[in-house]
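User: I would like to learn how to read pockets and helices in a protein model. Could you guide me through this one?

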Amino acid sequence: MPVPLIIDCDPGHDDAIALMLAAADPAVDLLAVTTVAGNQTVEKTTLNARRVFTVAGITGVPLAAGCARPLVQPLTVADDVHGASGLDGPRFPAPAVDVVPEHAVELMHRVLTGHPEPVTLVPTGPLTNVALLLTRYPDVAAHIREIVFMGGSTERGNRTPAAEFNVHVDPEAADIVLTSGVPVTMCGLNVTHQALATPAVLARLEALDTELARTCVELLTYFASTYRRLWGFPAPPVHDPVAVARVIDPATVRCVDAHVAVELCGRYTRGATVVDLHRYTGRPVNAQVAVGLDADRFWDRVIAAVDALGRRAT
Ligand code: BDR
Ligand code: CA
């Protein structure tokens, strides 16, 4: 049986690929998609989700807009990485898909409590919506199978020397999720930096020869240009689908148990994920932490998803 799943995202180039993987892979059943402010304002990330639904032919999946700002601090966006639109690169047609007239938190709550079995949440942006869901509706925890999020790192950050972007944008939200008692898996930069859209990956996408595959190549080519300019990466790390891949095919992403704390006060380190991989602190395990990626297996799955959606759309 496919794993029922909700994606909470801030598209974003890599969020777009995560949505396609979740929409097409037969191992999961995408029940709903929600958006949050992060890579861009929530107006822009929601428009981008509608664009992705439209070009990928994703229908019958409710989409709702969520929080416009983090719980405590002002929003910082990643326009240097994702451009002014949040999804720079391709030209998109006018979106043919609209949002439902419901806040993201309410949609998540309704879908979770209405589903006959526990549902997996995959946040690929700041954790604001998910933290609000857990605090507004504490009983919802019983309806969540696990939260598999892209964010944090066992090593260094990408927004500050210490902090990864999704956690950096809303550290209080990440702290609420990690202390909630709900099973959590963290897919951080230490593994997503292995999910590189190399020239060989782009060539495989191009060879699919569909409109959607060409759009993906344009997205990833833009993403490559910013990663090259900002960090000198030879190819861009496609972070967010790694969390989806962990749900689809757990062997793709190797995890270990650890305690993860979010630094909320550090003078230089606010937003850092402090991962006790070697059990120094004696603090109880509160997460599975991704430590390894089978990149070939990952890309096979992503490319198959883009292929399936691209053929369906043409
Ligand atoms: C994360 O930050 C965003 O820019 C990406 O979409 C990804 O979710 C990587 O740090
Ligand atoms: Ca994201």
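Predicted model: local features only at pLDDT ≥ 70, side-chain atom pairs only at ≥ 80, totals over all residues.

Analyst: Two helices, H10 (211-231) and H12 (295-313), each provide at least two residues of the lining of the largest pocket.

User: How is such a space found, and what is the volume of the largest pocket here?

Analyst: In general, a probe the size of a water molecule is rolled over the atoms, and this shows where empty space is left. In this structure the largest pocket holds about 160 Å³ of space.

User: Which residues line the largest pocket?

Analyst: Twelve residues form the lining, and those nearest the centre are Val55, Pro93, Glu211, Leu212 and Thr215. Helix H10 gives the most, with five residues.

User: Is H2 largely enclosed or largely open?

Analyst: H2 is largely enclosed by the rest of the structure, because eleven of its 15 residues are buried. Among them are Val42, Phe53 and Val55; Val55 is also one of the residues nearest the centre of the largest pocket. The cover over the buried residues includes helix H1 (13-24), strand E2 (28-35), strand E3 (63-65), H10 and H12.

User: What follows H2?

Analyst: Glycine 57 follows, with a positive phi near 65°.

How values were computed: Residues numbered from 1 in each chain as written. Chains lettered and ligands numbered in written order. Heavy atoms only, no water. 1 Å grid on protein atoms, 1.4 Å probe; cavity = no way out; pocket = protein on both sides within 12 Å on 5 of 7 lines; lining within 4 Å. Points joined across faces, edges and corners; volume = space filled by probe spheres on them. Helix = DSSP H or I, 4+ residues; strand = E, 2+ residues; numbered from the N terminus. Buried < 20%, exposed > 50% of the residue type's maximum accessible area, 1.4 Å probe, protein only. Contact = heavy atoms within 4.5 Å.
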